[in-house]
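Here's a quick tour of one protein chain, taken a topic at a time. Have the viewer open and follow along.

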Amino acid sequence: MDDWEEEQEAQDLTRQIVKGVEEDFEGEEEALRTTLNQKQMRMATMLDGKEMKAEEGAVVVFAVASAMTMMGMETTVGEEVIELETVMGVKEEEEVVGGFVVVFAMKTMKMEATMLGKGVKAEEEVVSAVAFRMVCGDDSRSKGFGRGGFRGRNEEVFSKVTTADNLDSETTENAGPKVVYVPPPPPEEESSIFSHYATGINFDKYDDILVDVSGSNPPKAIMTFEEAALCESLNKNVSKSGYVKPTPVQKHGIPIISAGRDLMACAQTGSGKTASVALRSDLAAFLLPILQQLMNDGVAASKFSEIQEPEAIIVAPTRELINQIYLEARKFAYGTCVRPVVVYGGINTGYTIREVLKGCNVLCATPGRLHDLIGRGKIGLSKVRYLVLDEADRMLDMGFEQEMRKLVASPGMPPKEERQTLMFSATYPEDIQRLAADFLKVDYIFLAVGVVGGACSDVEQTIIQVDQYSKRDQLLELLKSVGNERTMVFVETKRSADFIATFLCQEKLPTTSIHGDREQREREKALGDFRSGQCPVLVATSVAARGLDIEQVQHVVNFDMPSNIDEYVHRIGRTGRCGNTGRAVSFFNPESDAPLARSLVKVLSGAQQEVPKWLEEVAFSAHETTGFNPRGKVFASTDTRKGGSFKIDDSPSKALAPSPAGADDEEWE
Ligand SMILES: Nc1ncnc2c1ncn2[C@@H]1O[C@H](COP(=O)(O)OP(=O)(O)OP(=O)(O)O)[C@@H](O)[C@H]1O
């Protein structure tokens with residue numbers, strides 16, 4: 001199809017959509033006008049810390065969609081950038097302003113222009129250039145354009161456009177809208193690569209934590225990094241990272257991995273598990289010689305090879321976490337010939353492939369994108385020697401288990417006897433441990449640092465009894481009392497994340513939010529603004545509960561209790577890391593959260609925290625009503641092979657709800 005035909009098709013498409021929008025809008029303009037007249041519009045545009053300019057229609061559309069999202073109306077974001085590209089002729093290299101692209105009827109656009117108080121010269125072009133896709137969740141506003149209506153129809157239309165470009169569609173099997181986002185390059189200056197935060201006053205107390213190593217002939221622990229016998233560049237990178245002595249999981253984990261053993265490692269949040277993985281991502285013992293051999297064979301050959309065959313694959317459940325792991329791997333591999341690459345959903349596939357084809361020894365990936373690249377023939381598995389599952393219990397629960405099984409059964413993947421498989425997490429429910437054994441050699445080593453699934457005792461935990469309607473005010477009061485200290489506020493759904501973030505912005509607390517419905521560009525911006533302190537409050541769903549290592553997070557608030565206790569442990573573990581102390585405040589509504597009470601009491605007492613009397617009572621009565629436990633989920637105290645486990649939660653509950661991610665509607669990857 002030539003350019004002209006493409007343009008004609010795009011215009012036809014737009015006409016169709018606009019017509020559809022107008023029809024569906026019949027009688028709804030009033031509702032929309034009312035909504036848009038609210039002052040949250042401005043709040044929404046400020047949420048990402050930038051003033052929206054209205055010279056361009058796209059920006060206006062962005063602002064509108066953003067406003068709607070922040071007001072609790074759910075706009076579908078991100079993917080529709082394809083329309084801008086296809087219809088407006090915006091090229092990939094150009095800055096596509098805004099991520100929400102919504103198609104409006106002309107009338108609506110004009111109204112928008114007025115709302116923003118700025119001239120929009122190009123209404124017509126804009127109208128014919130953008131496509132409407134909005135899903136309203138709130139009944140009072142959504143009459144006539146609710147779920148299923150626009151979304152369904154536009155999805156059809158969108159996929160018609162995007163299938164034209166196979167390479168850049170998000171996945172091979174599901175050719176959805178094209179994603180054009182290319183993340184900013186990671187820092188190149190040494191000071192940024194090695195920037196790190198200080199260990200806290202309790203770092204040395206890590207030495208007192210009980211360690212349980214089980215499995216035959218476990219290698220002896222190291223006491224210092226020198227004993228790890230790392231090569232010179234690695235040693236330099238370790239000390240530039242500010243690591244003076246290894247944490248317990250590193251003392252035991254590094255020699256186990258060096259000895260070629262499979263490992264299931266469990267250690268409390270913030271105690272350096274990722275670093276154990278990352279340290280091994282250079283795999284000094286034998287990956288470097290292999291890479292040296294590759295160099296001898298000519299890096300160019302590997303660089304321009306149409307298929308890359310990494311020696312190590314690290315998988316993690318969320319995009320932000322895998323990116324963080326990649327940055328760690330990049331840091332430790334600095335100055336060596338090992339090239340780590342990261343691939344994850346929400347960013348342009350063409351860009352990802354180009355990055356991979358530059359050479360890839362250590363592939364950090366989320367499962368969906370990994371399978372996509374394998375399916376496209378860009379990643380071969382035959383050289384894989386290390387398979388690392390970070391947040392392993394999450395990677396093997398209902399959400400990801402099939403993906404992991406598919407990975408290990410993929411053509412070329414060496415069987416478990418011929419690769420080394422390493423698993424890390426702070427929580428390992430017993431059923432997941434059993435399942436994990438399918439991926440590991442029989443003689444794997446189980447390493448438990450502290451109580452498996454226990455909370456970090458450097459986090460001061462407070463549970464406040466609330467009712468649903470007082471939570472917002474209590475949150476406000478709490479945040480006002482902590483001042484500018486960095487706080488993560490966890491909520492259960494994407495909609496309430498937007499809603500609470502808007503509310504806090506209105507109350508003049510600079511807040512941003514992260515959840516699975518936000519475009520990747522926005523997710524990364526939100527995290528960046530939170531890390532830099534520009535927005536000291538981050539409202540998040542479970543998508544940010546695991547692994548994220550953010551400096552100076554002093555507080556975690558569970559605005560909504562999570563759906564299971566493991567999630568609670570991970571969430572509060574975003575503070576009190578690496579020997580620093582932190583505080584976690586949880587709003588507990590006995591009406592809805594009672595099923596979590598027993599396990600919560602266990603976790604609190606396990607971490608030497610005060611257990612409120614009322615919570616004990618709730619736990620007791622919840623126990624009284626205990627019934628069927630569908631998953632038989634138990635909290636392991638140790639290696640399941642020893643048969644030593646105790647039940648921590650046998651209540652039927654949302655604690656055992658089938659949604660493993662916690663947030664009812666969250667998509668993790
Ligand atoms: N030996 C060490 N000395 C100093 N700092 C360290 C050491 N090991 C890890 N750290 C730092 O401690 C922080 C927490 O480490 P890491 O993210 O690996 O924890 P984790 O156990 O993987 O946590 P989570 O369970 O939340 O995933 C990081 O900033 C890391 O750089």
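Start in the loop between α25 (565-572) and β16 (582-588), which is where C578 sits. Keep in mind that this is a predicted model. From that loop we'll move to the cores, a helix and an annotated motif.

- C578 isn't a glycine, yet its phi is positive, at about 55°.
- Is C578 buried or exposed? With a relative accessible area of 19%, C578 counts as buried, because the cut-off for that is under 20%.
- Q552 is another non-glycine with a positive phi, about 60° in this case.
- You'll find Q552 in the loop that links β14 (537-540) and β15 (553-558).
- Q552 has 46% relative accessibility, so it goes down as partly exposed.

**The nonpolar cores**
- The largest nonpolar core is made up of 68 residues. Those with the most contacts inside it are L263, I322, Y568, F588, L600 and L615.
- Helix α27 (residues 597-606) supplies the largest share of this core, with five residues.
- Pick F588 if you want to look around: leaving aside residues up to four places away in sequence, F588 touches I463, I464, Q465, V466, M561, D593, A594, A597, L600, W614, L615 and V618.
- There's also a second, separate core, with 38 residues, including I374, F400, L407 and I432.
- As background, nonpolar side chains tend to be buried together in soluble globular proteins.

**Helix α18**
- Helix α18 (residues 367-375) is largely enclosed by the rest of the structure, because seven of its nine residues are buried.
- Which residues of α18 are the buried ones? They are P367, R369, L370, H371, D372, L373 and I374.
- Just after α18 comes G377, with a positive phi of about 75°.

**The annotated motif**
- An unreviewed UniProt entry annotates residues 223-251 as a short sequence motif, "Q motif".
- In the model, the end C-alpha atoms of residues 223-251 are 6 Å apart. That span is 45% helix and 0% strand.

Notes: Residues are numbered from 1 along each chain as its sequence is written. This is a predicted model: local features need pLDDT of at least 70, side-chain atom pairs count only at pLDDT 80 or more; totals for chains, interfaces and linings use all residues. Side-chain values use heavy atoms; hydrogens and water are left out. A nonpolar core is a set of buried Ala, Val, Leu, Ile, Met, Phe, Trp, Tyr and Cys residues joined through side-chain atoms within 4.5 Å. Buried means under 20% relative accessible area, exposed over 50%, partly exposed in between (1.4 Å probe, protein chains only). Helices (H or I, at least four residues) and strands (E, at least two) are DSSP runs, numbered from the N terminus. Contact means heavy atoms within 4.5 Å. UniProt positions are given in the numbering used here, feature names are shortened, and annotations may be inferred rather than shown by experiment.
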